[in-house]
Amino acid sequence: MTHSATVPSPVTAAWQPPPGSYRITRTFDFAAAHHLDGMPDGHRCARNHGHTWTIEVTLSSTRLVGPGWVADFADLNPLGAFIEDTLDHRDLNEVLPAPPTSELLAAFLADWCIRHLETRLGARLESIVVSEGGANRVEFRPDRRRAQ
Ligand SMILES: [Zn+2]
């Protein structure tokens with residue numbers, strides 16, 4: 001069976017997507033050490049140790065740009081460069097402005113994305129998800145009611 005070149009594509013100039021929003025997610029990995037101060041005696045998080053951290057950044061938009069995307073995934077490369085330059089193979093206790101829990105790391109990266117990605121891309125930061133590996137994940141979602 002052959003397909004004729006005259007078979008109309010489902011995507012035509014007359015076709016419009018239904019109302020809705022789009023989300024894109026990109027994942028970054030890096031390795032870093034940390035420990036938590038003020039923990040009870042013997043708590044494992046009090047000892048300096050390392051993780052391969054996974055960061056998932058999710059952006060959303062109701063409008064598409066370019067050929068029909070929220071953003072070119074390559075436009076998220078600056079976040080990868082920031083992670084590599086600032087966090088990778090570092091002691092997070094020395095580079096974060098707050099105790100290096102996954103929650104505060106997620107908020108720290110969300111702050112960077114709001115400042116450096118949102119305006120450039122015209123997309124909203126929905127969430128930053130941080131995992132230290134294993135089964136646990138932490139998510140930070142900016143509270144837009146308090147913005148500005
Ligand atoms: Zn840890």
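The following dialogue examines a predicted model of a protein and the reasons behind the terms used for it.

Visitor: How many helices and strands does the protein have, and in what order do the elements run?
Guide: The protein has three helices and five strands. From the N terminus on, the elements run β-β-α-β-α-α-β-β.

Visitor: Why is glutamate 103 called partly exposed?
Guide: Glutamate 103 has 14 other C-beta atoms within 10 Å. A buried residue needs 20 or more, and an exposed one has 12 or fewer. The value 14 lies in between, and therefore glutamate 103 is called partly exposed.

Visitor: Where does glutamate 103 lie, and which residues does it contact beyond its neighbours in sequence?
Guide: Glutamate 103 lies in helix 3. Leaving aside neighbours within four places in sequence, glutamate 103 is in contact with Val138 and Phe140. A contact requires C-beta atoms within 7 Å. As for valine 129, which is 26 residues away along the chain, its C-alpha atom is separated from that of glutamate 103 by 8.8 Å.

Visitor: Which residues of helix 3 are buried, and what covers them?
Guide: The buried residues in helix 3 are Ser102, Leu105, Ala106, Phe108, Leu109, Cys113 and Leu117. Their cover includes strand 2 (49–61), helix 1 (77–86), helix 2 (92–95), strand 4 (124–131) and strand 5 (137–140). In general, an α-helix has 3.6 residues a turn, so residues three or four places apart point the same way.

Visitor: What is the bend in helix 3, and what follows the helix?
Guide: Helix 3, residues 102–121, bends by about 40° at isoleucine 114. That value is the angle between two fitted axes, one for the seven residues ending at the bend and one for the seven starting there. Just after helix 3, glycine 122 takes a positive phi of about 70°.

Visitor: How do you know that strand 1 and strand 3 pair?
Guide: Two strands pair if at least two bridges are found between them. Two bridges join strand 1 to strand 3 (residues 90–91), and therefore the pair meets the requirement. These two strands run parallel, and alanine 33 stands opposite aspartate 91 in strand 3.

Visitor: How many bridges join strand 1 to strand 2, and which residues are partners?
Guide: Strand 1 (residues 22–34) and strand 2 are joined by 13 bridges and run antiparallel. Histidine 34 has histidine 49 as its bridge partner in strand 2, while arginine 26 has valine 57.

Visitor: What joins strand 4 to its partners?
Guide: Seven bridges join strand 2 to strand 4, in an antiparallel arrangement, with glutamate 56 opposite valine 129. Strand 4 is also joined to strand 5 by four bridges, again running antiparallel. The bridge partner of valine 129 in strand 5 is glutamate 139.

Methods: Residues are numbered from 1 along each chain as its sequence is written. This is a predicted model: local features need pLDDT of at least 70, side-chain atom pairs count only at pLDDT 80 or more; totals for chains, interfaces and linings use all residues. Two residues are in contact if their C-beta atoms, placed from the backbone, lie within 7 Å.
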